[in-house]
Amino acid sequence: AEIFNNKSIILDKAGKYGMESNDIKTIIEFKYKYGYKLQAFHLAFKNIEDKYAIFSDLGEQLTEFKYDTLLNLGFRFAAIHNDSITFYNFFQQVGNVLKKELTINGYQFIEKKSDKIIIKRNDKIGVLDERGYVYVEPEYDEIVQGASGLFIFKKERKFYLSLSLRFNDNI
């Protein structure tokens, strides 16, 4: 159970997720495989086909069920479907539809690190920022965060160190 805006709660009833108000009225039907609070006024629910959609705190469905992964990036979120990453701003909504800020294609999602997204294109690793712009071009064989917090970039059997996910040849 997850309380949402002190007015409603996301619950699991008999293995199905939904949302009801404090006075026990159903806001979102209990028919989903999983549900959670994505951000202050938005929820994510996963259907039986393992696809996510975004809902408002009032129970309105704001996107279609097509996303494999959703990433909270502060005021934005990234919605990932196959090799497409769509960026939405939580505060840009027209009626019951969230406005897409940017969609980029051809990148495979690897993982989220802080407010950055590690991606792969043509078997090379790179980084997108929280707005969906290329932060580090996908030209590295590997990017890992070491135990000391340093990032290690591997390219053509050479290793480079950086204090952040931003690699700079001058470091």
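**Entry 1: Phe 77**

I started at Phe 77 and listed what it touches, skipping residues up to four places away in sequence. The list reads Leu 38, Ile 54, Leu 70, Leu 71, Asn 72, Thr 86, Phe 87, Tyr 88, Phe 90 and Leu 98. I note here that the model is predicted.

Next I asked: is Phe 77 buried or exposed? Its relative accessibility is 0%. Buried means under 20%, so Phe 77 counts as buried.

**Entry 2: the cores**

I then looked for the nonpolar cores. The largest has 13 residues. Leu 38, Ile 54, Leu 70 and Phe 77 have the most contacts inside it. Which strands each supply at least two residues of this core? I found β5 (34-39), β7 (52-56), β9 (76-81) and β10.

**Entry 3: rings**

I looked up the aromatic pairs, and the structure holds 13. I picked the pair of Phe 77 and Tyr 88. Their ring centres are 4.9 Å apart. Their planes stand at 10 degrees, so the pair is stacked. Planes under 30 degrees apart count as stacked.

Where do the two residues lie? Phe 77 is in strand β9, and Tyr 88 is in strand β10. The pair therefore ties together parts that are 11 residues apart in sequence. At 3% relative accessibility, Tyr 88 counts as buried.

I also noted a ring cluster. Ring pairs link Tyr 17, Tyr 34, Tyr 36 and Tyr 52.

**Entry 4: the sheet with β9 and β10**

I traced the sheet that holds these two strands. Four strands form an open sheet, in the order β8-β9-β10-β11. The pairing is antiparallel. Why do I call β8 (69-72) and β11 (97-105) edge strands? Each has a single partner strand, so one side of each is left without a neighbour in the sheet. From one strand to the next, the twist averages 25 degrees.

I followed one pairing in detail. Strand β10 covers residues 84-94 and pairs with β11 over seven bridges, in the antiparallel sense. Ser 84 has Asn 105 in β11 as its bridge partner.

**Entry 5: a second sheet**

I moved on to β12-β13-β14-β15, which is the order of four strands in an open sheet. Its pairing is antiparallel. The edges are β12 (108-113) and β15 (134-140). Neighbouring strands are turned by 20 degrees against each other on average, direction ignored.

Strand β14 (residues 124-128) and β15 share three bridges, in the antiparallel sense. Which residue in β15 is the bridge partner of Ile 125? I found Tyr 140.

**Entry 6: the β2-β3 hairpin**

Strand β2 (residues 8-13) pairs with strand β3 (residues 16-21) over six bridges, in the antiparallel sense. Ile 10 stands opposite Met 19 in β3. The two strands form a hairpin with two residues between them. Ala 14, in the turn, has a positive phi of about 55 degrees.

I found Lys 7 in the loop between β1 (2-4) and β2. I left aside neighbours within four places in sequence. Lys 7 is then in contact with Ser 21, Asn 22 and Asp 57. Its C-alpha atom is separated by 8.7 Å from that of Glu 20, 13 residues apart along the chain.

Ile 27 sits in strand β4 (residues 26-32). Its relative accessible area is 29%, so Ile 27 is partly exposed. Beyond its neighbours within four places, Ile 27 is in contact with Ser 8, Met 19, Glu 20, Ser 21, Leu 58 and Gly 59. The C-alpha atoms of Ile 27 and Gly 59 are separated by 5.4 Å, though these residues are 32 apart along the chain.

**Entry 7: the whole chain**

How many helices and strands does the chain have? I counted zero helices and 18 strands. Buried residues make up 40% of the 171 residues. Among contacts between residues at least 6 apart in sequence, 25% join residues at least 24 apart. The accessible surface comes to about 9,600 Å², and 47% of it belongs to carbon and sulfur atoms.

Methods
Residues numbered from 1 in each chain as written. Predicted model: local features only at pLDDT ≥ 70, side-chain atom pairs only at ≥ 80, totals over all residues. Heavy atoms only, no water. Buried < 20%, exposed > 50% of the residue type's maximum accessible area, 1.4 Å probe, protein only. Contact = heavy atoms within 4.5 Å. Areas by Shrake-Rupley, 256 points an atom, 1.4 Å probe, with all protein chains shown as cover. Pairing = 2+ DSSP bridges. Axes fitted to C-alpha atoms, helices over the stretch in contact; angles between N-to-C directions. Core = buried A, V, L, I, M, F, W, Y, C linked by side-chain atoms within 4.5 Å. Phe/Tyr/Trp six-rings, centres within 6.5 Å; stacked < 30°, edge-to-face > 60°.
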